[in-house]
Amino acid sequence: MKLQQLRYLVAIVENGLNISAASEILFTSQPGVSKQIRLLEEELGLPLFIRKAKSLSALTDAGQKVFERAR
């Protein structure tokens, strides 16, 4: 787990679950943010977001806990 991944998670949540908006604020690419979140989920062994098609709709319970600790 990297501090950068946690920063990305917080930015996504604070930007209404919008990865593109979070990537703009973080001055990085949207694919890079998506990849780091995917790697974080793989490392933790659980999903952090509820996904609908290609968008994020909500945090999972585990995602909420990780977000609170990261914040």
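Buried here means under 20% relative accessible area, exposed means over 50%, and partly exposed lies in between, with a 1.4 Å probe and protein chains only. The model is predicted, so local features need pLDDT of at least 70 and side-chain atom pairs count only at pLDDT 80 or more, while totals for chains, interfaces and linings use all residues. Residues are numbered from 1 along each chain as its sequence is written, and side-chain values use heavy atoms, with hydrogens and water left out.

**View 1. Ala21 sits in helix α2.** Helix α2 covers residues 19-25; helices (H or I, at least four residues) and strands (E, at least two) are DSSP runs, numbered from the N terminus. With a relative accessible area of 24%, Ala21 is partly exposed. Look for Ala11 as well: its C-alpha is 8.5 Å from that of Ala21, and the two are 10 residues apart in sequence.

**View 2. Helix α1 has a set of buried residues.** This helix has 12 residues and reaches 17 Å from its first C-alpha to its last, close to the 16 Å expected at 1.5 Å a residue; the expected span is 1.5 Å times one less than the number of residues. Gln5, Leu6, Tyr8, Leu9, Val10, Ala11 and Ile12 are buried. Their packing partners are α2, α3, β1, β2 (55-59) and α4. Just after α1, Gly16 takes a positive phi of about 65 degrees.

**View 3. Gln5 is a buried residue of α1.** Helix α1 spans residues 3-14, and Gln5 has 3% relative accessibility there. Leaving aside residues up to four places away in sequence, Gln5 touches Gln36, Ile37, Leu39, Leu40 and Glu43, where contact means heavy atoms within 4.5 Å.

**View 4. Glu14 and Arg71 meet in a salt bridge.** A salt bridge is a side-chain nitrogen of Lys or Arg within 4 Å of a carboxyl oxygen of Asp or Glu, and a search of the whole structure finds 2. For this pair, the N to O distance is 3.3 Å. Glu14 lies in helix α1 and Arg71 in the segment after α4 (61-70), so the bridge ties together parts that are 57 residues apart in sequence. Glu14 is partly exposed at 48%, whereas Arg71 is exposed at 64%.

**View 5. Glu41 and Arg51 also form a salt bridge.** Here the N to O distance is 2.9 Å. Because Glu41 belongs to helix α3 (residues 30-44) and Arg51 to strand β1 (residues 49-52), the pair ties together parts that are 10 residues apart in sequence. Glu41 is buried at 10% relative accessibility, and Arg51 is partly exposed at 41%.
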